[in-house]
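This briefing sets out selected features of a protein chain, grouped by topic. The structure is shown first, and the notes follow.

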Amino acid sequence: MEQQQRQQQPPGGGEREQGSAAYSEIMTASWSSMLTHIHFCPFYTVDCLRQRGELTPPVWPDRLHMELVTTRGGNLSLDSLYYDWTIKKNFILIRHQQPVPDTYDLQVESGDTYYYNPTLKTCNVIHMPVGILRPDWLHGASFIGHRKIHNIRCNCWNQTWDSNPKHDLTYCSEEETDRPIQWTFGIDGAVQDVIVYEANKSPPNATLWQVPQYCKQQSESLLKHHQQLETNIRVFQQQLQ
């Protein structure tokens, strides 16, 4: 009977079964390899996007407001920050621990930063080469992984500006929303924790964008001093030739 069944089997039947099994194995291996190389993700999760190289640093809106707790050198301050790229200005009201008076910090497009106090009529002008940060100032930052900060799961990025490894900043934002949570400055270890974040928010008083008159006078005086200093250096260099 067994011999009859073998005789009744269609010619080439065994070969087709073997070929089908081999084909199935090849296709399975091919799909497995392809899915591994393209990082197949059934859902668009953050981990999945990171694997596919599609996780990009956050971009700030043109206007924003943040309330921050800043720790710098063991000192605490409560900071109110307003950023407006449309007018190229950044303002921070720094409320130090008492009895240190408040500091008003106004950064303008030229790169000048005015630290002043309207009550004391004091002002200090410093030129910052970096200038006002662009909304995409994190472009090119390195993704350094996930961190849980104040019970919030975050994506963290490291941004540098020059060859000095201390001139960097670690920026962490909420994983699902890109809301800023915390950043740390490498140069002095200062940490800023974001308590309130509001996109497209302007300051309640537009006069905060204006440089006080007494700061302008000091700035003009400082400019004349720098110009005179540059003139003296040129004259001295000519005398050496």
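**Strand pairing, core and salt bridges**

In the hairpin formed by S1 and S2, two residues lie between the strands, and Gly 73 has a positive phi near 60°. The model is predicted.

**Pairing of strand S1**

- Strand S1 (residues 63–72) and strand S2 (residues 75–84) run antiparallel and are joined by 10 bridges.
- S1 also runs antiparallel to S11, with eight bridges joining the two.
- His 65 illustrates both pairings: Tyr 82 stands opposite His 65 in S2, and Glu 198 is the bridge partner of His 65 in S11.

**Val 196 in strand S11**

- Val 196 belongs to strand S11, which spans residues 191–199.
- Val 196 is partly exposed, because its relative accessibility is 31%.
- Beyond neighbours within four places in sequence, Val 196 contacts His 65, Met 66 and Glu 67.
- The C-alpha atoms of Val 196 and Met 66 are 5.3 Å apart in space, although 130 residues separate the two in sequence.

**Nonpolar cores**

- The largest nonpolar core has 19 residues, of which Trp 60, Met 66, Leu 81, Tyr 83, Tyr 171 and Trp 183 touch the most other members.
- At least two residues of this core come from each of S1, S2, strand S3 (89–96) and strand S9 (168–174).
- S1 provides the largest share, three residues.
- Outside four places in sequence, the contacts of Met 66 include Trp 60, Leu 81, Pro 180, Trp 183, Val 194 and Tyr 197.
- A second, separate core comprises 15 residues, among them Tyr 104, Leu 106, Leu 208 and Cys 215.

**Salt bridges**

- The count of salt bridges comes to six.
- One of them joins the side chains of Asp 188 and Arg 72, at 2.9 Å from N to O.
- This pair links distant parts of the chain, 116 residues apart: Asp 188 is in the loop between strand S10 (180–185) and S11, and Arg 72 is in strand S1.
- Both partners are partly exposed, Asp 188 with a relative accessible area of 39% and Arg 72 at 38% relative accessibility.
- Glu 175 and Arg 153 form another salt bridge, with their closest N and O atoms 2.8 Å apart.
- Because Glu 175 lies in the loop between S9 and S10 and Arg 153 in strand S8 (residues 152–160), this pair ties together parts 22 residues apart in sequence.
- Glu 175 counts as buried at 13% relative accessibility, whereas Arg 153 is partly exposed, with a relative accessible area of 43%.
- Glu 174 forms a salt bridge with Arg 179, the closest N and O atoms lying 3.2 Å apart.

How values were computed:
Residues are numbered from 1 along each chain as its sequence is written. This is a predicted model: local features need pLDDT of at least 70, side-chain atom pairs count only at pLDDT 80 or more; totals for chains, interfaces and linings use all residues. Side-chain values use heavy atoms; hydrogens and water are left out. Helices (H or I, at least four residues) and strands (E, at least two) are DSSP runs, numbered from the N terminus. Buried means under 20% relative accessible area, exposed over 50%, partly exposed in between (1.4 Å probe, protein chains only). Contact means heavy atoms within 4.5 Å. Two strands pair if DSSP finds at least two bridges between them. A nonpolar core is a set of buried Ala, Val, Leu, Ile, Met, Phe, Trp, Tyr and Cys residues joined through side-chain atoms within 4.5 Å. A salt bridge is a side-chain nitrogen of Lys or Arg within 4 Å of a carboxyl oxygen of Asp or Glu.
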